[in-house]
Amino acid sequence: MEEKDATPPKPSTDTSSDWARMAWTHLDAVRRRAPLVQCITNLVSMDIAANVLLASGASPAMIHSIHEIPDFTPKVDALYINIGTLSAEWVPAMEMGAKAAIEVNRPWVLDPVAVSVSSYRMEACLKLILQKPTVIRGNASEILALSSARRISGAKGADSDHESIDALDAAKSLAKSSGAVVAVSGAVDFITDGDRVISCSNGVQMMQKITATGCAVTALIAAFVAVDPWNALQATASALSVFGLAGELGMEMANGPASLRMHMVDWLCRLDEGTVTARVRLSCRS
Ligand SMILES: Nc1ncnc2c1ncn2[C@@H]1O[C@H](COP(=O)(O)OP(=O)(O)O)[C@@H](O)[C@H]1O
Ligand SMILES: Cc1ncsc1CCOP(=O)(O)O
Ligand SMILES: [Mg+2]
């Protein structure tokens, strides 16, 4: 990453236009600095997550072998761990990766996909959280389950069965117990450090109809946190708003989920300062 030691952007956040400017500052920093983001992510998400990172200006690397982590992870700018297609050989890689990132003071971000479907998944996540993730981003059902450390009834695999607002208290509580910034996505995204809450109302419903959009936005959060690790709350909000805005603009040209996916990735690459500052919808709730 160029300008590795440059002072991170420190936007003021008094009005909604300040928040939108902050989102632009973060996107611009990602484009200028091209952070290297290691992704230990599920098989469904690899393509869209890598393309979303590239289109946004970051540099993705889908590298997950335990034989490579000791050499590679200390060199990355952020690590992204996603348990979506968890199996026995992935768990040691995730644990080793998180430990390696923490040892060299790099941010790491967790996506607890479908954490409620098995005790195996829940236990793997809870153990990973002991390695102090910088950010945890999940849908409402995932954050509700993780926060109580209990599988919840009615959870539908990878998709959410709840509204994001239903998981806001759970998100705050998980943020307090884990020390991570917690983001719960949905029609409105909420981002909290346990005290402050930022809400983001960018995005379109059809984003739920593209597999691994949640995984992809968590990868983008890792890139944004890489360029502003000391302001993970704000960087996470910026990533969610930029991603949602790309979805809104993509939807204006799309005929359905497949073309939305394509136009959304195009817009991540095309977004300019005027569009971001005019259309990002972030606000502080607390
Ligand atoms: N009803 C909705 N309206 C607008 N944006 C949405 C809606 N549902 C999800 N999104 C957006 O889609 C992306 C993925 O979120 P979500 O579907 O909650 O995650 P997951 O794919 O992990 O279940 C996020 O950027 C979120 O803001
Ligand atoms: C469908 C599916 N199954 C295992 S991982 C995965 C992708 C989930 O992606 P997202 O959480 O972004 O919907
Ligand atoms: Mg998900």
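**Close-up views of a predicted model**

View 1. N42, V44, S45, G84, T85, V113, A158, T211, A212, T213, G214 and C215 are the residues around ligand 2 (near means a C-beta atom, placed from the backbone, within 6 Å). This shell holds 5 nonpolar, 7 polar and no charged residues (Ala, Val, Leu, Ile, Met, Phe, Trp, Tyr, Cys and Pro count as nonpolar, Asp, Glu, Lys and Arg as charged, and the others, Gly among them, as polar). The model is predicted: local features need pLDDT of at least 70 and side-chain atom pairs pLDDT 80 or more, while totals for chains, interfaces and linings use all residues. Residues are numbered from 1 along each chain as its sequence is written, chains are lettered from A and ligands numbered from 1 in the order in which they are written.

View 2. Among the 18 residues around ligand 1, the nearest are N139, S185, G203, M207 and G214. Helices α8 and α9 (232–251) each supply at least two residues of the shell (helices, H or I of at least four residues, and strands, E of at least two, are DSSP runs numbered from the N terminus). The shell divides into 6 nonpolar, 10 polar and 2 charged residues.

**View 3. Helices α8 and α9.** In α8, 15 of the 15 residues are buried, so the rest of the structure largely encloses this helix (buried means 20 or more other C-beta atoms within 10 Å of the residue's own, all placed from the backbone). In α9, 18 of the 20 residues are buried, so α9 too is largely enclosed. The 15 residues of α8 (residues 213–227) should span 21 Å at 1.5 Å a residue, and the end C-alpha atoms are 22 Å apart, which agrees (the expected span is 1.5 Å times one less than the number of residues).

**View 4. The open sheet.** Nine strands run in the order β2-β1-β3-β4-β5-β6-β7-β8-β9, with mixed pairing (strands pair if DSSP finds at least two bridges between them). The edge strands β2 (59–61) and β9 (282–284) each have a single partner, so one side of each lacks a neighbour in the sheet. β3 (residues 78–82) and β4 (residues 108–111) pair in the parallel sense over 4 bridges. Y80 stands opposite V109 in β4.

View 5. β7 (residues 189–192) and β8 (residues 197–200) pair in the antiparallel sense over 4 bridges. D189 stands opposite C200 in β8. The hairpin has 4 residues between its strands, and G194 in the turn has a positive phi of about 105 degrees. β8 and β9 run antiparallel, joined by 3 bridges. S199 has S283 in β9 as its bridge partner.

Technical notes: Buried ≥ 20, exposed ≤ 12 C-beta atoms within 10 Å, placed from the backbone.
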